[in-house]
Amino acid sequence: GKHEYRKTLIGQQSARCMAGYVYSGAGWGESTTDIVFSGNAIISENGVQLNEAERFSFAEQIVVTEIDIDRLRALRTKNTSFTNYVDANQYTFIPVDFPEKETKILRTVNPKPFVPKPETANESFNEIFSIQVGGLAKRVMHTGIQRLIVGVSGGLDSTLALLVCVKTCDKLNIPRGNIIGVTMPGFGTTQRTYNNAVALMKELGVAIRTIDITKACIQHFDDIAHNPDIQDITYENTQARERTQILMDIANQCKGLVIGTGDLSELALGWATYNGDHISMYAVNVSIPKTLVRGLVAWIADTQLENRVREILKDILDTPISPELLPADEKQQITQATEEIVGPYELHDFFLYYLLRLGYSPSKIFFLAKIAFADTYEHNTILKWMKVFYKRFFTQQFKRSCLPDGPKVGSVNLSPRGDWRMPSDASYAMWMNELSDFHGF
């Protein structure tokens, strides 16, 4: 049992020191009078084992990997326990001469850094869901307000928010009927998403209200002299703000809390209508990135709910991501696919993780993305969406500066009251200039 004990010690020490730890033990050539030596060799970085030798091998071995100095430096800078108690000059990094030409690295790069690994997925998803539920439960208990109002569109984000509300009510012994699920079909709502929204609410036993917003929006177009045939940003945002107004007024009407549905990826990109779906009274998904939302809903479907609800959730998971603000086609198919407009969320979540968690430069993120998505995206495609990401991330900070409250779930968070303080008029020129160096590579 000493091997597992040793691995634990090495992992803990590398995590405590936020360092790379290289261990090499005696091998098979040593005397076996009383002891057999396994020839163990381990390389760990901040608690993560990167590579290990084959134990009890009679062949010569060399164990090689990379230690990511930028990662360790970023972690040490952000960790107050480390900076408060360690003299920064006492522990220095070994200087390394890096080759000017890119080389193939040996360590793997996870394309979905926010999503738990399969071996820890059940425990991690359970903890994430519990944090969301715990945050909302505390807010309910503190305010004494036991009615929850949530807009249910039939999409992933609103589905997760509704499931958090249901679990919270169950935990606090509040009837599920105290949850008012409001579906608000508009110009772009398809029969598929509408039916899924209604069926989900019915199966979960929450109160259902259906309010068609088309007449109200048409009246508003008339009031502001906007031609509804011009399907521009005014056309789209009118619907988002009308829905938010309805939810807020229902909350006033029944003395309830409006539960926000927007996720971390949307906040990073500013993919939310200012003073529309951007606003709520408590936002339970505010620190859950889109790639994690999908995995979390799938986990809830598989482990927390009965068969009929599971079937509905599976169809919601298979539905293209869309705000459904533009009319559907003749076959009632979604015409406005979010990822065709702003780019794939798996790419944006990857960029977001390495920018906020580790503070990597655009060139390093691009280098890692090419490895992580080698079988998925061309290099030019990655670069294209990186430019979109940086531009949107900087220009949309004003929306994040006035976010509603919501629980912090992971190590990346954009709350202006917590981990992320950024001026709304910060320039992204330096980041874009670095990316321009890759033009025509």
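User: If a salt bridge is a side-chain nitrogen of Lys or Arg within 4 Å of a carboxyl oxygen of Asp or Glu, how many salt bridges does this rule give?

Analyst: The count comes to 17. This is a predicted model, in which local features need pLDDT of at least 70 and side-chain atom pairs count only at pLDDT 80 or more, while totals for chains, interfaces and linings use all residues. Residues are numbered from 1 along each chain as its sequence is written, and side-chain values use heavy atoms, leaving out hydrogens and water.

User: OK, what does K364 do with D70?

Analyst: Their side chains form a salt bridge, with 3.1 Å from N to O. K364 sits in helix α14 (residues 362–372) and D70 in helix α2 (residues 69–78), so this pair ties together parts 294 residues apart in sequence. Helices here are DSSP runs of H or I with at least four residues, numbered from the N terminus.

User: And is K364 buried or exposed?

Analyst: K364 counts as buried, at 18% relative accessibility, whereas D70 is partly exposed at 33%. Buried means under 20% relative accessible area, exposed means over 50%, and partly exposed lies in between, using a 1.4 Å probe and protein chains only.

User: Switching topic, which residue pairs with K408?

Analyst: That is D419, at 2.5 Å from N to O. Both residues lie in the loop between α16 (397–400) and α17 (429–436), 11 residues apart. K408 is partly exposed at 41%, and D419 is also partly exposed, at 39%.

User: Which residues are joined into one network?

Analyst: D68, D70, R73 and K364 are, through salt bridges that share partners.

Notes:
Helices (H or I, at least four residues) and strands (E, at least two) are DSSP runs, numbered from the N terminus.
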